[in-house]
Every structure is written in structure tokens, then in C-alpha cells.
Amino acid sequence: MQKQVLAIHDLSCVGRCSLTVALPVLSACGLHTSALPTALLSTHTGEFTGYTCLDLTQEMKKIAAHFAALPLRFDGLYTGFLGSFEQIRLVGDVLEKYHQQNTLTLVDPVMADHGRLYATYTQAMAEGMGELCRLADVIVPNLTEACILLHRPYDPAPGWDAVRDMMEELCQRFGCKQVIITGVEQHGLLGASGFCAATGETAFAGGEKLPGIFYGTGDVLASGLMGGLMRGLTLEKALHAAVRFTHAAMEHTLANGLPLRYGVAFEQALPLLMREIGIS
């Protein structure tokens with residue numbers, strides 16, 4: 001039976017991020033993917049100015065109510081950027097409603113980067129995102145978000161012992177089974193680290209640092225990771241597949257001279273991801 005995933009993210013009309021990444025990546029992984037959009041933006045916010053943003057909180061309530069009237073079940077729940085404290089509570093209700101014994105819940109606590117919260121986020125929202133993490137089996141913060149969740153000073157280049165300590169503390173504090181921290185650099189490679197609470201095992205996957213600012217790579221990596229985990233891969237194998245997929249997307253973008261402001265060309269790397277997770 002085909003597995004079903006609910007992706008809860010914003011939608012940027014232009015720019016590869018959030019739902020415009022999650023929907024095609026998870027679909028390519030063979031998953032029936034539904035969406036609960038949190039906001040509608042004309043473009044992503046990374047490098048564009050004058051963008052429009054429509055908060056969909058009230059519409060989310062109507063959508064969630066309609067969902068509740070249908071015989072829906074989801075094998076996976078996957079959340080990303082949320083636009084308000086009210087949305088965090090609303091999404092928490094959705095996660096609690098649809099989480100069953102075998103449901104995989106992945107929370108990407110998108111709220112900060114480069115040592116600071118996004119302009120749209122308050123400290124109260126950051127605390128709320130921590131509460132949402134308590135409902136997750138897997139969380140995927142970047143280094144900044146991990147430090148905020150743990151109330152630690154930001155360190156842009158922690159050593160491996162510090163990274164492992166952060167991952168262990170995140171599992172203990174929020175009760176999640178697995179933690180992946182993105183934006184980790186080890187041995188001259190940039191990638192992500194992973195920790196499994198049940199076994200104590202750690203993993204790191206990385207690639208050569210490439211020149212430029214690449215938008216949407218966090219969404220590409222988290223979506224690839226979700227796809228791999230939903231296909232039954234171990235944390236380590238899913239992490240390596242997601243990082244190789246993301247790095248390949250970055251390489252395709254540079255090789256084809258594509259403008260970085262529109263996000264990475266993950267479309268060209270989808271065949272690699274499918275091979276990595278066992279889809280021939």
C-alpha cells in the first residue's frame with residue numbers, strides 16, 4: 001500500500017523552497033503527499049524584496065476541520081516554516097490528531113540561521129517551536145536552531161564532541177527518537193550529523209563546500225531525509241542519501257550557471273535520490 005504524508009509548510013510562488021520542494025521530492029520518493037499550506041508568498045524571502053505574504057491561519061483552521069470530516073490517515077507528518085504562534089498551536093493539534101502508532105513525525109524547526117532568529121520570529125514563537133518538537137519522532141534543526149532550542153550560545157563551528165552532546169541533549173529534552181543537525185562542518189566537509197536515541201549511534205554525511213549562497217537547501221535535505229525514512233532506510237542511510245541529493249542539486253545549479261536566488265536545481269538530482277533510497 002502506498003504510504004501517505006502530510007506536508008505542512010508555506011508556499012512560495014517563485015523560488016525552490018518549502019512546499020515547492022517538499023511536494024515533488026516526496027512524490028518522487030513514491031509517497032502520496034498532501035499539503036496543509038501555512039502562508040502564500042509571491043517569492044521566498046531570502047533575496048527578494050517587495051514580496052507579498054498572505055497568512056493562512058484562518059484558512060488552515062477550515063482545512064483542518066474539513067480533514068477531520070474525512071477518513072484520512074497519514075503514515076508521515078512533516079512540518080516546516082510556520083508564520084505565527086497561533087499556527088504553532090494549530091499544527092500541534094494536527095500532529096496529535098493524526099499521529100498513530102506507526103506514523104513518522106518529522107519537525108523541521110525553521111526559525112533561525114546564522115546565529116539569530118528570523119525577523120518574523122519572536123522568542124515566544126521560538127519557545128512554541130520547542131513545544132512542537134516534543135511531538136516529533138525526528139527533528140532537523142540547523143546549528144542556530146539547535147542552539148536556540150537548547151538555550152546555548154551560538155557556535156558556528158563546533159567540534160564533533162560538542163555536536164554529539166547537542167544531539168543527545170536535544171533527544172533528552174524533547175523526547176524525540178532521532179536528531180539531525182544541518183550545517184555541520186567536519187574534516188573540511190559541510191553537511192549534517194545524526195543521532196539515534198535508541199542505539200546511541202551517530203552519523204555524519206558531508207560534501208565539498210561550494211561557493212555561493214544556496215537558498216532552500218535545508219528544505220531539500222529535510223525532504224530527502226523524510227523520503228528515505230518513509231521508505232524504511234536507517235537514519236544513517238537516509239542521512240547520506242539526503243546529503244548526497246542536496247549536494248548534487250547544488251552542483252547541478254553551479255554547472256548549469258543557474259541563478260542562485262531561485263534555489264537549487266533539485267529536479268536534476270531526483271534520479272540520484274531515487275536510486276539512493278531504492279527506487280529503480
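Predicted model: local features only at pLDDT ≥ 70, side-chain atom pairs only at ≥ 80, totals over all residues.

Me: How are helix 2 and helix 3 oriented to each other?

Reply: Axes are lines fitted to C-alpha atoms, for helices over the stretch in contact, and angles run from 0 to 180 degrees between N-to-C directions; helices are DSSP runs (H or I, at least four residues), strands likewise (E, at least two), numbered from the N terminus. Angles under 35 degrees count as roughly parallel, over 145 as roughly antiparallel, 65 to 115 as roughly perpendicular and the rest as oblique. Here the axes of helix 2 (residues 57–68) and helix 3 (residues 85–98) come within 10 Å and cross at roughly 10°, and therefore helix 2 and helix 3 are roughly parallel.

Me: And how are helix 5 and helix 6 oriented to each other?

Reply: The axes of helix 5 (residues 143–150) and helix 6 (residues 160–174) also come within 10 Å, but cross at roughly 50°, so helix 5 and helix 6 are oblique to each other. Contact (heavy atoms within 4.5 Å) is made by residues including Leu143 and Ala146 of helix 5 and Met166 and Phe174 of helix 6.

Me: Which residues of the largest nonpolar core touch the most other members?

Reply: In soluble globular proteins, nonpolar side chains tend to be buried together. A nonpolar core is a set of buried Ala, Val, Leu, Ile, Met, Phe, Trp, Tyr and Cys residues joined through side-chain atoms within 4.5 Å, where buried means under 20% relative accessible area, exposed over 50% and partly exposed in between (1.4 Å probe, protein chains only). The largest core has 47 residues, and those touching the most other members are Tyr78, Leu106, Ile180, Leu225, Met226, Phe245 and Phe266. Helix 8 gives the most to this core, with 10 residues. Apart from this core lies another, of 45 residues, among them Leu56, Val91, Met129 and Ala146.

Me: Is Gly227 buried or exposed?

Reply: Gly227, which lies in helix 7, is buried, because its relative accessible area is 0%. Leaving aside neighbours within four places in sequence, Gly227 is in contact with Leu26, Cys29 and Leu31.

Technical notes
Residues numbered from 1 in each chain as written. Heavy atoms only, no water.
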